[in-house]
Amino acid sequence: MADILLEPARLDYTPQMLPEPEVSFEKHPEHKHYLNHEYGLLSWLLTVDHKRIGLMYLVSVSIFFMFGGIAAGLVRTNLITPTGAILELDQYNKAFTAHGTIMLFLFLIPVIPGVLGNFLVPMMIGAKDMAFPKLNLASYYVWAAGALFFVWQLIVGGLDTGWTLYPPYSSKYSHTSVMYAGLGIFITGFSSILTALNIIATVHKMRCPGMTWGRLPLFVWAMYATSVIQLLGTPVIAVTVVMLAVERMVGVGIFDPNLGGDPILFQHMFWFYSHPAVYIMILPGMGVINEVLTCFARKNIFGYKAVAWSSVGIAVVGFLVWGHHMFLAGQGYYLAMVFALLTMLVAVPSAIKVFNWTATLYGGSITFQAPMLFALGFIILFTIGGVTGLFLGTLGTDIHLHDTYFVIAHFHYTMVGGMMFAWQAGLHFWWPKMTGKMYSDFWSRLAAIVMLVGFALTFLPQFAVGYLGMPRRYPNYPPEFQIYNVLSTAAAYVQGIGYLMPIFYLGYSLFAGKAAGNNPFKATGLEWQTSSPPSPHNFETTPQVYFGPYEYAVADGLKIIPLNDGKIHDIVHEDPDLVGTTPKEATHGS
Amino acid sequence: MAASTVEGPVAHHFNNMGQQLATVRFGMWLFLVTEVLFFGGVFCAYTAYRIWYPKDFEAGSAALNVGIASVNTFLLLASSLTITLAIRAAYVGNQGGLMRNLLLTIVLGSAFLGLKAREYYLDYEEGLMPGTAKVMQKQKVEQNGKEVEIEVAVPKFDIALEEVLKREHFKGEAHKDYDPSRVMLFFMFYYSMTGLHVLHMIIGIGLLTWQLILARSGFFAHKSRYVYIEVMSLYWHFVDMVWMFLLPLLYLCGPHTSSQAIEQFKMAIGLSHGGH
């Protein structure tokens, strides 16, 4: 055993000898896990368990995703006819603003850090909980309070400024509830900062013995980079919103040129946060893809260090490109050139990731379960989204494409095709770990295909119509664009059906799904080494890590999953080759 | 101190006290990073406008009460010393000294806030509040070759500012080298920057009071828990540091003299009634 394990020393993460496990085949008569060790509403509302908090985020963001989706449905339905099918002009403004604000601040930003980050980061690094469990709970409630302001803002009449809140739309000329929305942004931003602080502190201080930085799962690296952005970017938009609020309340001209202010300053400060914020939205998704791809290709990641550092690279360079949102807003030529150049630069780490993923797939033993289908969809769609981003980052082409549907299609390819698909991949990948139940294979794959087809047909026509010159945010358009819009709207409904499907089969699995077992996908991460659902403290004993996160070559070659606590009963269950064997016997037998 | 040798009650999710204390410290530093960026945003906006409108910002600064600001600076610096002494007291297990120094810090911080409130009140009385309120004022204008007196609406702020500047700095001469709406912008920054700072002070004093209560109940009998005082002091020093930037940016960017500062302070606390 030692020979086999020590031989591939050329690997980065030299597998060392497995610890002699105390093998126990006894099943706990009633497995006490984080879901059933205590009951009652208060046990959820006052929990400091990172896993329960993760599930609370899951429920909340899913609800807001539905709100945002309904707003998107209104926008798309209205665009069926050139003059607007169902909404008045101001209603249309409010619908697309509601779609943008809800999807960004209440779904895309909290979804993976809040749900998967909370649930997985401590487990992946072998910790019992986040570094600051009470702060973690507080950040959920802070987020919920911020979300309530958004809901209130919708109830009292909605916002019509677009999600960017540019003055003077949001200061002088808006009579809608800018203040509530601003408060919502400020408060949810504070929650985002606290979550980020918690994750960074957890990664730095809570890693179990043997979990070196070079052995961190790439999801953790991605979450770390995301948290750095949240920590540095979010306070800037918070103070920007404060200044906007002061301008509205007092009537001084911070951003009003008539009173000596400058609206471009708002745009600078807004995008200083909001451009890095798109990396807050996409980086965790990229992290999920690393975990899913390696598992379903049964391979170590190609270029671990490159992928890990490219996350950090995106976080750093992402802070230097905000000006590309303002090429046509009146910033200087030379400034625009520098920003265009830096925008090209930020594409490099993203491309590194895509190339490494494809290289990981090369020669892998690929199976196409639902998480893998979502992950493959991510790679294709994100690549299209990323490359079209370069068109927009190039000064000359941006003059033509700025504020057209080309931009809409571009960022939906990265935000929806990227983040939404990564989120689905992650949700489907870790659902058995979270709930202990397995969902329907057929329906989950079908959902992946429906979402992919619906998505592609929604946004591909928008590239075309945007190139032809249809501006964003306009409710009316020339009749010759109608065919593109009808196609887009029809596909949006298909997409909507795709998003509804998981509610049914995942919900069904909770009640009637078969037990998933500890490690249904035979993945190597630490989180799979404990029971499903995990016990309240994640691990029976503090794990000891001996090798990197993706040793699928070793794991499959030995036909065992290296277990840290030595409990392999579930694998014995599922893999006939291993019935009645200990890891040691399995090694010698093969 | 080696991590494994630190003793004390450990929270459920940590392996040992060393890990817990290191995490607590690290967490506060991370929080301060966020705070730097938070204040950085408004400092950045301030700087942009200061570069564009130097004369107007100078005029605005000249109208501020530099006397109170100077005294407040000393109060805050002294409170930084007392909280550092509190760490030392907790570290060596001197409970009495710990409580004394925490209380002193609270008192000094509260004195700062009291003077600050006084300063806001004086600004309010002088009418230095940005806003759109207007008053009717008689002005002489030329009409059809004749000079006539008519009533025009003038922003309240403009009149108040002119009076304050005349009284304080320019010996009664009209100083017209500024645009009142831009001075209003300066005052917006003055109120929001000092307001954010005051908010942080209030939170800090709240936390200090909580720690004082904990200290009374013997929470810091475990010497290793001095780290919580240390973390509190990090926050407190940060708030001081913000003030160290606010003082030159807001108060010292206009013309002031030390005798005028002393006079302003005397007036503020009622020792003098202003002999202009």
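## The hairpin of chain B

In this predicted model, strand E1 (residues 134-143) of chain B runs antiparallel to strand E2 (residues 146-155) of chain B, and ten bridges join the two. Two residues lie between the strands of the hairpin, where B:Asn144 takes a positive phi near 50°.

E1(B) is hardly covered by the rest of the model: among its ten residues, the count of buried ones is zero. A residue counts as buried if 20 or more other C-beta atoms lie within 10 Å of its own, so none of the ten residues of E1(B) reaches that number.

## Fold and dimensions of chain B

Eight helices and two strands make up the secondary structure of chain B.

Taken along the principal axes, the box filled by the C-alpha atoms of chain B is roughly 90 × 40 × 25 Å. Of the 276 residues of the chain, 36% count as buried. Among the contacts in chain B with a separation of 6 or more, 73% come from residues 24 or more positions apart.

## The contact between chains A and B

Chain B gives 28 residues to the contact, and chain A gives 33 residues. On the side of chain B that touches chain A, the elements that give two or more residues are helix H1 (17-52) and helix H6 (180-216) of chain B. Which element of chain B gives the most to this side? H1(B) does, with 15 residues.

By residue class, the side of chain B that touches chain A divides into 15 nonpolar, eleven polar and two charged residues.

## A helix of chain A

Helix H5 (residues 133-155) of chain A has 23 residues. From its first C-alpha to its last, H5(A) reaches 33 Å, which is close to the 33 Å expected at 1.5 Å a residue. Just after H5(A), A:Gly157 takes a positive phi of about 135°.

Terms used:
Residues are numbered from 1 along each chain as its sequence is written. Chains are lettered from A and ligands numbered from 1 in the order in which they are written. This is a predicted model: local features need pLDDT of at least 70, side-chain atom pairs count only at pLDDT 80 or more; totals for chains, interfaces and linings use all residues. Two residues are in contact if their C-beta atoms, placed from the backbone, lie within 7 Å. Helices (H or I, at least four residues) and strands (E, at least two) are DSSP runs, numbered from the N terminus. Ala, Val, Leu, Ile, Met, Phe, Trp, Tyr, Cys and Pro count as nonpolar, Asp, Glu, Lys and Arg as charged, and the others, Gly among them, as polar. A residue is buried if 20 or more other C-beta atoms lie within 10 Å of its own, exposed if 12 or fewer, and partly exposed in between; C-beta atoms are placed from the backbone. The expected span of a helix is 1.5 Å times one less than its number of residues. Two strands pair if DSSP finds at least two bridges between them.
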